[in-house]
Amino acid sequence: MASKVDPEKTKVDEEETPTCEIEEVALVVPETDDPSLPVMTFRTWFLGITSCTILIFLNTFFSYRTQPLIISAILMQIAVLPIGKFMAKTLPNKDFNLMGFKFNLNPAPFNMKEHVVITIFANCGVSAGGGDAYSTGAITVMKAYYHQSLSFLCGLFIVLTSQMIGYGWAGLLRRYLVDPVEMWWPANLAQVSLFRALHEKEHKAKGMTRMKFFLIAFAASFFYYFLPGYLFPILTFFSWVCWAWPHSITAQQIGSGYKGLGIGAFTLDWAGICAYHSSPLVTPWISIVNVGVGFIIFIYIILPLCYWKYDTFDARKFPIFSNQLFTNKGLKYDTTKITTPQLELDIAAYDNYGKLYLSPLFALSIGSGFARFSATLIHVALFHGGAILKQSKSAVNNAKMDIHEKLMQSYKHVPEWWFLIILFFSVALSLLMSFLWRESVQLPWWGMIFAFILSFIVTLPVGVIQATTNQQPGFDIIAQFMIGYVLPGKPIANLLFKIYGRISTVHALSFLSDLKLGVYMKIPPRCMYTAQLVGTLVSGIVNLAVAWWMLEGIQNICDTDVLPPDSPWTCPKYRVTFDASVIWGLIGPRRLFGPGGLYRNLVWLFLVGALLPVPIYVLSKIFPDKKWIPLINMPVILYGFAGMPPATPTNIASWLITGAIFNYFLFRYHKRWWQKYNYVLSAALDAGTAFMGVLIFFALQNNNILVHWWGSELDHCPLASCPTAPGIIVKGCPVF
């Protein structure tokens, strides 16, 4: 498992290998290693697989709820520590032989490396960005919305192959996205800080220890979340403007934190602050600035002009902020009227029923996605292309190494062919599925290959952005746009193409982030490979099994037309997935964005996005002494509008303010405090919120113990979702 080296903690000679040039990493990550520590112990396997299973069960279960909850791996990261120490005290120090496999139940005290690998298992039970495999969302849409007959084996193929292909991409791109010093993956620093707080004994110094600080912050977060999470939900969207002007549509559109621009609104809910862009405490300040610039331009300048001044895309017929689909009369679009029994578009019915319309913010969000895709490719080519080419030409051993990579040379590396086997096997199974279940998946074999090519091309540039800024520019829209043109009228094919063309990239980036965490914590690469592989298989199987059980066992799940108003099973998360399948798959981009389409001018944003990084790059070369110019990151600026809807302007604005407080003011003026406590605080807030969220679900909401009073209603801005165009009649809204 490890080469024979001095069992004492070693530190590389700093004269030979300099410390990490990334200041945040140098302040947080230890520059020592103890290769003698056992890693893949019985405790690691037992607690790792258990953590993975519990997390994927909870996240899948909660994803169908009217109030979905994403539980991060931090929950298990903290919970397993006392269990691991208890096992170290009680299990016998005895060797066992199971079918030729020798192991010891208790080889040494429970150590940090075991804890890290258990957390890697747990991360597989979370999956990036959604708490469960996106492929389950596609399966839910197929079964619950389109009422399609789908075999469990086909579903298992979809879930496992999409994740394992991402694992293959991660293995191939390690040298570009893990090995270079510049690829530092900021989100991992919170994990490193928490591990150190939980395991390291601190010498007496001024101020409290990190562990004590963590426990206090955790307790405060735990008890506080009972207010926004159950008793006083209005704290999530505190929209005082609506109270001041209770009868004004315009005032509520401007001031609503839930359904409007959120001017003056704010959130006092940690879950609301980091719901869509993760924790602002772990995001670099320059990235926060870029996101803020994009957010201000889109939300406070472009959107108001499009809605109130120019009435772009008949904007005033619809709510200013909504992810619903509409008719030209401002009513919700009924997709059942345009769908054939084979789940394809009935063109005659569509022509008779009328065109589909989007809310102005939804339409502009799609347009920003066009620009973000091309800007990401051009930005990475201009600013990082030379380094990527150099890295690919030079031997890995001769590449630039910091102290952490130098310490990792003590361990055997994972051969690339190990990842290639997984990749080829997953691709083969995916292609087989396209033949065996052609009617169910609608995506032909050549569509699968197209998706694989797209995923491989985009993973590297998106990975560079995430590894340096902690922001992941999405290209979901582009994947669905492309296949929508090639295979119009086929919503299921569109969903499957997105899974293999985009979501496999999300999984790859999650794996790559964990690989960098392994470097920071000095985990042997082959142990990381094993933990990620087994964790992915376990999480995929449990994920699908739980989803299948719920889809088969809960009557009318996700069907809001049949369910009672207070049902907990309305699936708002998967409604967005269904809407996307209608826009890009059923109706198709040609009818919406092609010649004659209402939104055809948004396609020009592909060109705009490609041009935006060019002047920044030129200026950085003309004025090389101006170090701030290359920090202008156009993909991240365009990311300031990403995720809306369902993300709200209040979510993003509160995220920006919180990030500015901690990663600018505290980092600049109280750096010692920031170094010691910032990432620990982020982990404590996440953990306290997650623990209380689970407790509320099981103890109260799951037993229908609910509270109904003024403070339990979100926003109090009923007019914010009203249209303002003359003659549009919507229930509960005045007619102009």
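How many of the 21 residues of α29 are buried? The count is 15, so helix α29 is largely enclosed by the rest of the structure. The model is predicted, and a search of the whole structure finds 3 disulfides.

**Helix α29**

- Helix α29 runs over residues 649-669, and at 1.5 Å a residue its 21 residues should span 30 Å.
- At Ala 660, the helix α29 bends by about 25 degrees.

**Disulfide pairing**

- When the bonded cysteines of the protein chain are numbered in sequence order, the pairing reads 1-4, 2-3, 5-6.

**Cys 242 and Cys 717**

- Cys 242 and Cys 717 form a disulfide in which the sulfur atoms are 1.9 Å apart.
- The link of Cys 242 and Cys 717 is right-handed, with 105 degrees about the S-S bond.
- Cys 242 lies in helix α11 (residues 240-244) and Cys 717 in the segment after α30 (671-699), so the pair ties together parts that are 475 residues apart in sequence.
- Cys 242 has a relative accessible area of 2% and is buried; Cys 717, at 5% relative accessibility, also counts as buried, because the cut-off for burial is under 20%.

**Cys 558 and Cys 571**

- A disulfide joins Cys 558 to Cys 571, with an S to S distance of 2.0 Å.
- The torsion about the S-S bond of Cys 558 and Cys 571 is about -75 degrees, so this disulfide is left-handed.
- Both Cys 558 and Cys 571 are in the loop between α23 (525-553) and α24 (572-587), 13 residues apart.
- Cys 558 counts as buried at 4% relative accessibility, and Cys 571 is buried with a relative accessible area of 0%.

**Cys 722 and Cys 733**

- Cys 722 is joined to Cys 733 by a disulfide, S to S 2.0 Å.
- This disulfide of Cys 722 and Cys 733 is left-handed, because the torsion about its S-S bond is about -85 degrees.
- Cys 722 and Cys 733 are both in the segment after α30, 11 residues apart.
- Cys 722 and Cys 733 are both buried.

**Further cysteines**

- Cys 274 has 15% relative accessibility and therefore counts as buried.
- Cys 306 likewise counts as buried, at 15% relative accessibility.

Technical notes
Residues are numbered from 1 along each chain as its sequence is written. This is a predicted model: local features need pLDDT of at least 70, side-chain atom pairs count only at pLDDT 80 or more; totals for chains, interfaces and linings use all residues. Side-chain values use heavy atoms; hydrogens and water are left out. Helices (H or I, at least four residues) and strands (E, at least two) are DSSP runs, numbered from the N terminus. The expected span of a helix is 1.5 Å times one less than its number of residues. The bend at a residue is the angle between axes fitted to the seven residues ending there and the seven starting there. Buried means under 20% relative accessible area, exposed over 50%, partly exposed in between (1.4 Å probe, protein chains only). A disulfide is a pair of cysteine sulfur atoms within 2.5 Å.
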